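Try each task before you read its solution.

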Amino acid sequence: MRRYTKALLTGTLAALILTTAMGVASARNFSISNQNIRIVWREVILSGGIENRCDLTLEGSFHYRTIIKAQNLIGYITRADFNRCDFPTRALILPWHIRYRSFRGNLPNITSIRFDLIEAAVLIQIAGIANCLYKSTAARPILGEALIGAGGVGTGIRVDETAQLPLFRDLSGGIIACPAESFLRGTGTVTLLNSSTRITITLI
């Protein structure tokens, strides 16, 4: 009887472990509560020898409500407004492309989703003389990280400042040289477009 009970318990435990493992393995995609987003930085810093502080608002959308965990293009940034900058700064060549990169955490509990921002072009006029155009590429993207809290609620968007934004074109005419690279740093909030509702991201 004891042997039978022990075998039954062992079999039940093995089944539970297998079921849990299969559930985690099958959870291969992410579900987003809404496709249309707004990201607001009260202060984002572009630095490359000269520090340039700005308020920044990005607006865009995801292609689908489901993100497949692969390095695919998953959405666009269609509006980018720089305001209250130390130096005149504006976005060019929209839309910018959002590409999924990876996630952090242990399934099924994820703490963030990392993504690339490609074709992001920023023109900075330094001291009224240097016109410096920076642009991210597929090989050298801007790296962002969507931070995820309890219940899958997006708590912010953090820029990876170690990923430098390369100089695409120096439009200064040789008066002074533009810094060869710039980078962004700062953490912004992400919400549903035209709303204060937070975006949620869940594993499916």
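**Exercise 1: a residue and its surroundings**

T191 is buried, with a relative accessible area of 12%, where buried means under 20%, exposed over 50% and partly exposed in between (1.4 Å probe, protein chains only). The model is predicted: local features need pLDDT of at least 70, side-chain atom pairs count only at pLDDT 80 or more, and totals for chains, interfaces and linings use all residues. Residues are numbered from 1 along each chain as its sequence is written, and side-chain values use heavy atoms, with hydrogens and water left out.

Task: find which strand holds T191 and which residues T191 touches.

Solution, step by step:
- List its contacts (heavy atoms within 4.5 Å): leaving out residues up to four places away in sequence, T191 touches N36, I37, R38, S196, T197, R198 and I199.
- Look at the side chain: a polar atom of T191 lies 3.1 Å from the backbone oxygen of S195.

**Exercise 2: a residue in a loop**

Task: locate I129 and decide whether I129 is buried, partly exposed or exposed.

Solution, step by step:
- Go to the loop between strand 9 (121-126) and strand 10 (130-135), where I129 is found.
- Read the relative accessibility of I129, which is 35%, so I129 counts as partly exposed.

**Exercise 3: the whole chain**

Task: describe the secondary structure and burial of the protein chain.

Solution, step by step:
- The secondary structure comes to 1 helix and 15 strands; helices are H or I runs of at least four residues.
- Of the 204 residues, 39% count as buried.

Technical notes:
Helix = DSSP H or I, 4+ residues; strand = E, 2+ residues; numbered from the N terminus. Polar contact = N/O pair within 3.5 Å; in protein donor to acceptor, adjacent residues only side chain to side chain.
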